[in-house]
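Me: I've got a model open and I'd like to learn how to read it feature by feature. Can you walk me through it?

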Amino acid sequence: MITVPQIWNELKESSDFVCLQFETQTEPYFIGYFKSLTDPEVLDQRIMASLSMEPETPLDDLYPLIRVADKEISSDLSQIHNKLLRGYVAIQHGLHHPKCILVNAVLSKSRDVTIPEIEFNVEGSKEAFVESLDTNLNLIRKRIPISALRVKEIIVGSVSKSRVAICYMDGVTNDQYVNTCIQRLENIQFDMIPDITVIQQLIEDNSNSIFPQMLGTERTDRASWGLTLGQVCIFVDGSPTAMLGPVSLGSFFTSYEDYFLPWIIGSIMRLIRIISVVFSVFASAIYVAILTYHGHGISNIFLPTIISSRIDVPFSPVIEVLIMELSIELLREAGARLPSKIGQTIGIVGGIVLGTAAVQAALTSNFLLIIVALSAMASFTMPVFQMSNVIRIIRFPFIIAAQIWGLLGIYICAIAVITHLLRLTSLGMPYLVPFYPLRHKGLFDTLIRPPLSKFYQRPGFLRTKHPIRFDKKHASKKKDIDE
Amino acid sequence: MNSVHERYTVSPYLIFFMVQPMLFGLEFLSMSIKPIQLAGQDAWFPLFICAFIAHIVMYMIYQILNQNQADLIQIHQQFFGKWVGGGLNMIFITYFMLVSIYQIRLFIEIIQVWIFPDLETWPVALVLLALTYYMVSGGFRVIVGICMLSFLNQIFFLSMFFTFPYLHFNNLTPIMDHSLMDFIKATKELSFSYRGMEFLLFCYTFIKAPQKSQKWSQWAIISMTILYLVEIFFSLLLFKPEQLPTEIWPALSKYKFVQFPFIERFEFIGSSAMILRIFPIVCLSTWSSGRIMKSMFSVKQRTMLPFFLVLMFIAVCCVPNRKSIEGIQTWISMTGFCILYVYIPFLYILNAIKMKVRRTA
């Protein structure tokens, strides 16, 4: 059985813990806090000031005098211990008294809300999440000021004791998803949670998949949109990313900006993105397949162009492609690790100088250079960064399969990927929904971006409790001619 | 009776996507040769007879299953007892294994003839069976997903329209120029193309509201009849009757007519795409065999799966040439005919008697 003095003694081992003794005529007051965690202003002006004005009051009478909203009297020792470590100030009257006043004097230092760096949009708000959980919840609450938005908080991580918040819309979000989330978060056995991506890997349905099964976003508008549709949103203190789930593959192809543009333009943008991903995955592999095995498969008009461009190249097509793909990956990796100004230089030196030199030295063909550069660019069109990494990596198995069995290899590889996607689930929801299982109502917001007035239903595959977003009849009433 | 958890069941409409690829195996590629040899320009008539019979058989299958609310494994054991019923189940396993071996070997042969003449059989078989393992271990829903994916293959039917300038419409006349015997023989040949409905007997309990799915199964047969009709007509119009027997896969030869600005030989794309057709059948066969073993000997499907696949791998490697593939085909065709057109009507009558007895008693 530990007592309050034992807590003082244990915490005094750290040099930043302070235990003040405030002498009075009866018993002394003990005030314990971490000076690295507490705000000196609160400590001086609120706590010490009230204590020195009325030094002789007992603990219960002192409590209303402290002009801080977040305070409580507690005799729960583990709570006192934990709260001290979070930046609370504990006040004890007499060394053997079991009760303490806990006053919130947390010094929270976080950066200001800034513009999104990863998911940059031309239109729309320029507000991104930050590392502080309370700021993030504030940003969400400001966008959804209704009581149905519920926040559940749990502590995860045996060392980091990270605060994890699960947000959902009561009466909309399916309870099954919320419960799955909470249960998986509670089951996490891990010590340090530095970022939400760690949580993502720990609670995903299949952690051996390269496909992300939760959607990370730093945009406040995307997170609040997802919540409105019936998704669950998870925040972790210390991570500037919110995580939405359950998600389907289609969600990774939608940029939030689609909703800000006129629906026809938005739909075309979405279509371009899908085509570019298909191109990015298959282009280099098809190049290898054609040049290695199916040379007579392409038309006579097209053949001379390819032959004349790679007549001096000494490598076999697959080596040529792998060298080019790897050097693009290298450029991208180098650019990402350097400060942005040097990164630009790397881009110019690597992209333009090396590219031209490689063609002139006959190490690669112009034709391939175009394909590789285009497919690299196409993979950047993915609006979600996690997915653009997947597109980057998934190309290599296709190239190798194309080298082994040509077109047949590409087919086999594609079927393997699709089987993998069919097997994947996100919080128990099939990953390929609404294509499989086919939900024709859900197809509405995947390949095209519907007009907002027609978007009166929540996606059916989210199995929301309240599938209607707004009354359709009022929204789209068609007038007769000249009426 | 229905002990399958709802999470593992599929919606009734998906049965359309499941029945269609089951009927639509690789034998489709050569389906038009023999009926046209036998019934000539009237080959469409036996096709209609065959489709009609197929609809009736499908109706019988649903009657049997609906009245018992169980799959064929349990029905066998209820009707014939443990030993005879078990024996019948084993016959089905053998039949399913043979069907998958036939499909895989036929696909590898197509690849060997059209794309890679020097390709060995075993590496392709190994990769295909490994993929099958991955699919089947994902469960019934994943298999139905693969069936739905294989539906995309119907796009290749559009390639037929590239042959329009070369069609000879005179080949279609005179109408009704053949004897009744020819029609009957042609009907029997065509019945091979409607083989595949028997899978339904084993996945019945995995359908959500299974009674509603009959509509979709019948639609699948109708859609297949239309596709077969198109195939037979194009074969008639495109090839001379004497030329047709020299073709092994007339459906693939049609890809030679396809021309795009930058693709010269479309048959590379078309023939490799046949891979989509084999997976539904192979997956469902192994899955159904696993189910049978599970309910008979209560072994896990996951432990039986590698066993079946290794068996199939060895068997596929042991089939050396065209002649032995045709041998398997004859065997499957005979067994399939017996199962669909003899055994199922028999079971239907038996079931009807049993129901009547139960009602009067």
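Reply: Let's begin with how helices and strands are counted: helices (H or I, at least four residues) and strands (E, at least two) are DSSP runs, numbered from the N terminus. Keep in mind that this is a predicted model. On that count, chain B has 14 helices and zero strands. Chain A, on the other hand, has 15 helices and twelve strands.

Me: How do I read overall shape, say for chain A: compact globule or more spread out?

Reply: The idea is to set the radius of gyration, taken over C-alpha atoms, against the globule rule. For chain A the rule gives 23 Å for 483 residues, but the radius of gyration is 29 Å, well over that, so chain A is more spread out than a compact globule. Its C-alpha atoms fill a box of roughly 105 × 70 × 40 Å along the principal axes.

Me: And what radius of gyration does chain B have?

Reply: Chain B has 21 Å, which agrees with the value near 21 Å for a compact globule of 361 residues. The C-alpha trace of chain B spans about 65 × 45 × 35 Å along its principal axes.

Me: Which domains is chain A divided into?

Reply: There's domain 1 (4-104), domain 2 (133-247) and domain 3 (263-429). The C-alpha centres of domain 1 and domain 3 of chain A are 63 Å apart.

Me: Where does the record put transmembrane regions in chain A?

Reply: According to the unreviewed UniProt entry, the annotation "transmembrane region" covers residues 271-293, 343-361, 367-385 and 397-422 of chain A. You can check such a span against the model's helix content. Residues 271-293 of chain A are 96% helix and 0% strand, with end C-alpha atoms 31 Å apart. For residues 367-385 of chain A it's 79% helix and 0% strand, and the ends lie 28 Å apart.

Me: Is A:Leu51 buried or partly exposed?

Reply: With 19 C-beta neighbours inside 10 Å, A:Leu51 counts as partly exposed, because buried takes 20 or more. A:Leu51 sits in helix 2 (residues 40-53) of chain A. Leaving out residues up to four places away in sequence, A:Leu51 touches A:Phe22, A:Tyr29 and A:Leu62. A:Tyr29 is 22 residues from A:Leu51 along the chain, with 9.1 Å between their C-alpha atoms.

Me: Last one: how do I read the interface, and how many residues of chain B are in contact with chain A?

Reply: Interface size is often given as the accessible area lost when the parts come together. Here you can count residues instead: 24 residues of chain B are in contact with 20 residues of chain A. On the side of chain B that touches chain A, helix 5 (121-136), helix 6 (140-150) and helix 11 (267-272) of chain B each supply at least two residues. Helix 6 of chain B gives the most, with five residues. By class, that side of chain B has 18 nonpolar, four polar and two charged residues.

Key. Residues are numbered from 1 along each chain as its sequence is written. Chains are lettered from A and ligands numbered from 1 in the order in which they are written. This is a predicted model: local features need pLDDT of at least 70, side-chain atom pairs count only at pLDDT 80 or more; totals for chains, interfaces and linings use all residues. UniProt positions are given in the numbering used here, feature names are shortened, and annotations may be inferred rather than shown by experiment. Domain bounds come from an automatic or database domain assignment. Two residues are in contact if their C-beta atoms, placed from the backbone, lie within 7 Å. Ala, Val, Leu, Ile, Met, Phe, Trp, Tyr, Cys and Pro count as nonpolar, Asp, Glu, Lys and Arg as charged, and the others, Gly among them, as polar. The radius of gyration is taken over C-alpha atoms; the globule rule is 2.2 Å times the number of residues to the power 0.38. A residue is buried if 20 or more other C-beta atoms lie within 10 Å of its own, exposed if 12 or fewer, and partly exposed in between; C-beta atoms are placed from the backbone.
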